[in-house]
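Please keep the sequence and the structure in view while reading.

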Amino acid sequence: MQKTVNKPAKMGTYHEDDVLFLLKDLSEVKLEDSTANRELMVQSGMHYSESLPIEYQPPVEYVDLFWTTLMEYKQKVALCVGIVAEQIYQIKENKTVLVSLARAGTPVGILIKRYLKFRYNVSLPHYSISIIRDRGIDEKALQYIINEHPDGVIQFVDGWTGKGAISIELTKACQDYERKYGTTLDDTLAVIADPGYCTTLFGTREDFLIPSACLNSTVSGLVSRTVLNKTYIGKDDFHGAKFYRDLLPADVSNEFIHLISTEFSMIWEEAAAIASQKKHEEIETGFLGMQDVKKIQAEFAIESTHYIKPGVGETTRVLLRRVPWKILMRDPSSPFVKHILMLAEEKGVEVVEYPELRYLCCGIIKSVKENKK
């Protein structure tokens, strides 16, 4: 295998012993565009990874809601982290190399690493790398990890599943990697919540609010979404990202990690018991969430399933960085959708009650191409 000369970028606000970002620092490059312009460009054929949305900075009420939700559900999040961490350790033990999919996977990977340090006193290596829908995984980053840990066993980590696009992308990427380099990788994705039934390694299949989905970079180490733009990324470079130093006053990334981690001492016994029980269960996948997506596509005459984003985490993303058309809501009284209702009201987006939904909610992106003059 080709040796890679890239080094981890010193970027983000996380401690270096929590995570190493295998990304090229593009902080000095102007990559942002307005949501409306960017949506038009993406829907006209530009790949979403070539530019970045302007980071939405929420009003005080929304940030207050983030903290309220976090305090209320921190133990639930910790339990789900513990369950998935226990399962990973049962399978791969000390050989585990945690590889988070940037950026939603990064805080989850840190929490899994922290849990296993607390529970088993092991300090596992943890990297954050880029995977991009329709473009694949950052192979240079994988080469770096495999060179550094020749006896390690990679465990990919993300925050949650929506309809399963990234799970499918990961499987394809692992197959491509094996074909090119002869190295077999485990494509099982470890997540906190798997409402789409896309993986066998999860904390829960309930569609609930993972508080880190509420905010953008300010709860992800001030690192942007990943970028793959040939103007700035050469063939030997890692995929890129920006470090938003200007947002330092609003950064709560390490506070989030600390608050969840302090719950581990209360939940580890339950997490271990649930994970042990799961060993004896036949866990199905089946990507059941796609059934909802296809039904919505037909019912609302939506051109592409790419415009349909199911689940609390994905709906939040639609409101934070896309041009939303409608929000479908199974249960508007759920505590996990308060922030979505607040964002929808702020942005003037229609919320439609839609009881026959597997997920709590679903965001639909507006088709803007026909408005092009």
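## Cavities

The model is predicted. Rolling a probe the size of a water molecule over the atoms shows where empty space is left. Three cavities of 30 Å³ or more are present in the structure. The largest cavity has a volume of about 730 Å³. Its lining consists of 36 residues, and those closest to its centre are Ile 166, Arg 225, Glu 314, Arg 317 and Arg 321. Strand 7 (131-132), helix 5 (165-181), strand 13 (308-310) and helix 9 (312-321) each give two or more residues to this lining. The largest share, five residues, belongs to helix 9. Sorted by class, the lining of the largest cavity contains 18 nonpolar, eight polar and ten charged residues.

The second largest cavity holds about 50 Å³ of space. Its lining is formed by Trp 160, Thr 161, Ala 193, Pro 195, Asp 207, Phe 208, Ile 210, Ala 213, Val 312 and Gly 313. By class, seven of these residues are nonpolar, two are polar and one is charged.

Two or more residues of the lining come from each of strand 8 (136-137), helix 4 (139-148) and helix 5. Helix 5 contributes the most, with six residues. The lining of the largest pocket comprises five nonpolar, five polar and 13 charged residues.

The second largest pocket has a volume of about 230 Å³. It is lined by 15 residues, and the closest to its centre are Val 42, Arg 133, His 306, Tyr 307 and Arg 322. This lining divides into four nonpolar, five polar and six charged residues.

## Packing of helix 2 and helix 3

At what angle do helix 2 and helix 3 pack? The angle between helix 2 (residues 60-92) and helix 3 (residues 105-120) is about 70°, and their axes are 9 Å apart. Helix 2 is therefore roughly perpendicular to helix 3, because angles of 65 to 115 degrees count as such.

On the side of helix 2, the residues in contact are Val 81, Gly 82, Val 84, Ala 85, Glu 86, Ile 88 and Tyr 89. In helix 3 they meet Leu 111, Ile 112, Tyr 115, Leu 116, Arg 119 and Tyr 120. The residues of this contact comprise ten nonpolar, one polar and two charged.

Terms used: Residues numbered from 1 in each chain as written. Predicted model: local features only at pLDDT ≥ 70, side-chain atom pairs only at ≥ 80, totals over all residues. Heavy atoms only, no water. 1 Å grid on protein atoms, 1.4 Å probe; cavity = no way out; pocket = protein on both sides within 12 Å on 5 of 7 lines; lining within 4 Å. Points joined across faces, edges and corners; volume = space filled by probe spheres on them. Helix = DSSP H or I, 4+ residues; strand = E, 2+ residues; numbered from the N terminus. Nonpolar A, V, L, I, M, F, W, Y, C, P; charged D, E, K, R; others polar. Axes fitted to C-alpha atoms, helices over the stretch in contact; angles between N-to-C directions. Parallel < 35°, antiparallel > 145°, perpendicular 65-115°, else oblique. Contact = heavy atoms within 4.5 Å.
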